[in-house]
Amino acid sequence: MLELNQTLELIDKAQKGDNESKEILLRYNYPLIKSVIKRFLNKGVEYDDLYQLGCVGFLKAINHFDASFGVKFSTYCVPMVMGEVKRFLRDNGSIKVARSLKSLNVKLNKYINEYKSSNNGKSPTIEEMEAYFNIDKQEILLALECMSPLVSLNELIDDESGISVEDRLDVRKDNYDSEMYIILKEELKNLEERDKKIILLRYYRNKTQSEVAKILGVSQVQVSRLEARIISKLKQKIL
């Protein structure tokens, strides 16, 4: 395994056009690339092709990496490698979003923007959208989510305090690596439906606990307890 200073030295040389340094970095980071692409093995693309795509993303990570980012190179690589594969799958039709959901997504976002304009920036609740469109709330949530990018660990969930998902989960830059990043993504997908909805509304839609409680038909105290349990469960999985 390469030491930090060795990695940074190789990156510097690679960014200056040294192909040998790129090959060394690729060789030592093969397990990382493999761990990212294996989640896409059932998407109709051969492993060798996925690996090549992963390498393209990895090389892009080398070219754009800056030590001043304050993150490990391996951590920085993961979304770059994953993004390259997902972009290929999306552009080549391996990941498809139903046209009806795309259409509903456009209508929902138009409604949300108009609602905010008329209500001092306040977003409509799921119930209000459900009543307006006469569509089940589950379909509304699916349509809203289907065109959304994956949440970043650095994405702010509270603009005023500057709190990010990473802060809320207490996953700090000095104690997580790319494997944990992947585990977190997988664990979010494996949550029970209600727990997933709470995380979706709280961290993707920036809803308050009171708003989530109203949507789910429970008390704010229950949402607070459930959220604490979910966060605790995720911490156990990734720390």
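This is a predicted model: local features need pLDDT of at least 70, side-chain atom pairs count only at pLDDT 80 or more; totals for chains, interfaces and linings use all residues.
Trainee: How many disulfides does the structure hold?

Mentor: Cysteine 55, with 9% relative accessibility, counts as buried, and cysteine 77 is buried as well. A disulfide requires two cysteine sulfur atoms within 2.5 Å. In this structure the number of disulfides is 0.

Trainee: What percentage of the residues in the chain is buried?

Mentor: The chain contains 13 helices and 2 strands. Of its 239 residues, the buried share is 39%.

Trainee: Among contacts between residues at least 6 apart in sequence, what percentage joins residues at least 24 apart?

Mentor: Contact here stands for heavy atoms within 4.5 Å. Among the chain's contacts between residues at least 6 apart, the share that joins residues at least 24 apart is 58%.

Trainee: What geometry does the pair of phenylalanine 65 and phenylalanine 73 have?

Mentor: The count of aromatic pairs comes to 8. For phenylalanine 65 and phenylalanine 73, the ring centres are 5.2 Å apart and the planes stand at 80°. Planes over 60 degrees apart fall in the edge-to-face class, so this pair is edge-to-face.

Trainee: Which residues form one aromatic cluster with Phe65 and Phe73?

Mentor: Phenylalanine 65 is buried at 7% relative accessible area, and phenylalanine 73 is buried at 8%. The cluster that holds Phe65 and Phe73 also takes in Phe58 and Tyr76.

Trainee: What geometry does the aromatic pair of tyrosine 111 and tyrosine 115 have?

Mentor: Both tyrosine 111 and tyrosine 115 belong to helix 6 (residues 99-118), 4 residues apart, about one turn of the helix. Tyrosine 111 is buried at 12% relative accessibility, and tyrosine 115 is buried at 15%. Their centres lie 6.0 Å apart with 50° between the planes, an arrangement that is tilted.

Trainee: How far apart in space are lysine 107 and alanine 143, C-alpha to C-alpha?

Mentor: Lysine 107 is located in helix 6 and is partly exposed, at 49% relative accessible area. In sequence, lysine 107 and alanine 143 are 36 residues apart; in space, their C-alpha atoms are separated by 9.8 Å.

Trainee: Which residues does methionine 80 contact, leaving aside its neighbours within four places in sequence?

Mentor: Methionine 80 lies in helix 5 and is partly exposed, with a relative accessible area of 24%. Its C-alpha atom is 9.0 Å from that of valine 56, which is 24 residues away along the chain. The contacts of methionine 80 are Gly57, Lys60, Ala61 and His64.

Trainee: What arc do the buried residues of helix 12 cover around the axis?

Mentor: In helix 12 (residues 209-216), the residues Gln209, Val212, Ala213 and Ile215 are buried. They are on the same side of helix 12, because the arc they cover is only 165°.

Trainee: At what distance from the backbone oxygen of lysine 207 does a polar atom of the arginine 202 side chain lie?

Mentor: Arginine 202 is part of helix 11 (residues 193-204) and is buried, at 17% relative accessible area. Beyond residues up to four places away, arginine 202 touches Lys207, Thr208, Gln209, Val212 and Glu227. The distance from its side-chain polar atom to the backbone oxygen of lysine 207 is 2.7 Å.

Notes:
Residues are numbered from 1 along each chain as its sequence is written. Side-chain values use heavy atoms; hydrogens and water are left out. Buried means under 20% relative accessible area, exposed over 50%, partly exposed in between (1.4 Å probe, protein chains only). A polar contact is a pair of N or O atoms within 3.5 Å; within protein, one must be able to donate a hydrogen and the other to accept it, and residues adjacent in sequence count only if both atoms are side-chain atoms. Rings of Phe, Tyr and Trp (its six-membered ring) pair if their centres lie within 6.5 Å; planes under 30 degrees apart count as stacked, over 60 as edge-to-face and the rest as tilted. The arc is that of the directions from the helix axis to the C-beta atoms.
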